[in-house]
Amino acid sequence: MMNVTILTREYPPHVYGGAGVHVEHLARELARLATVEVRCFGDQDLPGRNPAVRGYPSGDRMFDGNPAREARALEVLLAGLRITAEPVEADVVHGHTWYAAWPGIISRLVYGTPLVMTVHSLEPLRPWKREQLGRGYDLSAWLERTALEMADAVIAVSAGERGQILRLFDLAPDRVHVIPNGIDTETYRPIADKDALRRHGIDPGMPYALFLGRLSRQKGIDHFLEAAGLLDGPVQVVICASSPDTPEIGREVAGAVARLRREGLRTVWINAMVPRAEAIQLYSHAALFCCPSVYEPFGIINLEAMACETPVVASAVGGIPDVVRHGETGLLVPVEPAGDGHYGPADPGAFAGRLAGAMQSLLDDPDRGREMGRRGREVAAALFGWDRVAARVLDLYRSVGRPSQNEEEE
């Protein structure tokens, strides 16, 4: 069996986004086929298992003299050094996101380990991150570029993202492979329980439009909230989002929610990372799930909603059209890009209007929404099972990795 080391910022119990969900399930499935070690940011310590998991701290007082934004980026470098202080003895190293770029670079240069990088998002397409990292954004972009152009293979999670990678980086096309995210349809499935809805103040008898995701400009929550104010009829708006990228975004969302409530729209804001079981309840009973991202390489949350038989209204950007089939499993809303280095709709008001129109059409025709939901689960189960994804990833490892003794004997 191959020996694989996975490098990641997020791993349970410290997961806040789609990359963490991806790594959790990929590591679990790969462990059926290979010996897997996960090195991550955090305090995890699960040795002697498959996957074995070891967490490394990212915070340190040594950066206290720096502005807070830049210190966040510098702490990533320190965590990467800690992760690779112990020799990397795997047949292949697999890094996820720019946070894992630095330990990936070290593993390849110092330990000679073949490197695979999965792109979950691209720094050049996320200019709003300068709000988070200041000049640290230049560091994150440099780390990403260096790791991707050094890697023996790069995984894009969608065809659209592969095209962006080839446009933005100096990579031969045969080094960039499309392998999508997956979904566990045994975990994500429609359920009848509604106790979490009542606990959070959601009326189970009234249809609701659901937004679930990070409080980030990338996720387009501002466009969702503007669209929500245009909806007619008896409807609730449920927002499950927390941990804003910046204090400014948090204040903007709080102001928009207060405005919707003043206008009489029943608006529930769950300002917390809810457990997976509660998220599944929220998906299962929503009239629709809205993903208004202005940039989205794949959008695993759409698969989660589809697996729970919930129709999706999503922006037609990045890898979302690889997942959501317009008119069949949901509705895609076009985004006219602003251009001039700005990522997002050229006319935010028009985009919000189109989002509202798509959501309203499903609210007005619940039978159509239910049929889209049923078809969505069928597509998720047929095309995006984690067992298929892991098998393809392992084949890629074998094409670039150094075979272990056990692999050679096999």
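Reader: How many positive and negative side chains does the protein chain have, and how far apart do the centres of the two sets lie?
Author: The protein chain has 43 positive and 54 negative side chains. Lys and Arg count as positive and Asp and Glu as negative, while His and the chain ends are not counted. Each charge is placed at NZ of Lys, CZ of Arg, CG of Asp or CD of Glu. On that basis the centres of the two sets lie 3 Å apart.

Reader: What kind of model is this, and what pLDDT do local features need?
Author: Residues are numbered from 1 along each chain as its sequence is written, and side-chain values use heavy atoms, with hydrogens and water left out. This is a predicted model: totals for chains, interfaces and linings use all residues, side-chain atom pairs count only at pLDDT 80 or more, and local features need pLDDT of at least 70.

Reader: What share of the contacts with a separation of 6 or more joins residues 24 or more positions apart?
Author: A contact means heavy atoms within 4.5 Å. Among the contacts with a separation of 6 or more, the share from residues 24 or more positions apart is 68%.

Reader: Which strands are at the edges of the sheet of eight strands?
Author: The eight strands form an open sheet of mixed pairing in the order 3-4-2-1-5-6-7-8. Two strands pair if DSSP finds at least two bridges between them. Pairing on one side only marks the edges, which are strand 3 (45–46) and strand 8 (176–178).

Reader: Which residue of strand 4 stands opposite cysteine 40?
Author: Strand 2 (residues 35–41) and strand 4 (residues 52–56) run parallel and are paired over five bridges. Opposite cysteine 40 stands glycine 55.

Reader: Which residue in strand 8 is the bridge partner of valine 154?
Author: In a regular strand the side chains alternate between the two faces of the sheet. Both faces of strand 7 (residues 153–156) are covered, with Ala153 and Ile155 buried on one side and Val154 and Ala156 on the other. The partner of valine 154 in strand 8 is valine 176.

Reader: Which residue in strand 10 stands opposite leucine 212?
Author: In strand 9 (residues 208–212), five of the five residues are buried. Tyr208, Leu210 and Leu212 lie on one side, and Ala209 and Phe211 on the other. Strand 9 pairs in the parallel sense with strand 10 (residues 236–240) over five bridges. Opposite leucine 212 stands cysteine 240.

Reader: What omega do the cis peptide bonds to proline 13 and proline 51 have?
Author: Proline 13 lies in the loop between strand 1 (3–8) and helix 1 (18–30), and proline 51 in the loop between strand 3 and strand 4. The bond from proline 12 to proline 13 has an omega of about 10°. For the bond from asparagine 50 to proline 51, omega is near 5°.

Reader: Is glutamate 309 buried, partly exposed or exposed, and what is its relative accessible area?
Author: Glutamate 309 lies in the loop between helix 11 (300–307) and strand 13 (312–315). This residue has a positive phi of about 65° although it is not a glycine. Glutamate 309 is partly exposed, and its relative accessible area is 34%.

Reader: What distance separates the C-alpha atoms of proline 345 and valine 294?
Author: Proline 345 belongs to strand 16 (residues 342–345) and is buried, with a relative accessible area of 10%. Proline 345 and valine 294 are 51 residues apart along the chain, and their C-alpha atoms are separated by 7.3 Å.

Definitions and conventions. Helices (H or I, at least four residues) and strands (E, at least two) are DSSP runs, numbered from the N terminus. Buried means under 20% relative accessible area, exposed over 50%, partly exposed in between (1.4 Å probe, protein chains only).
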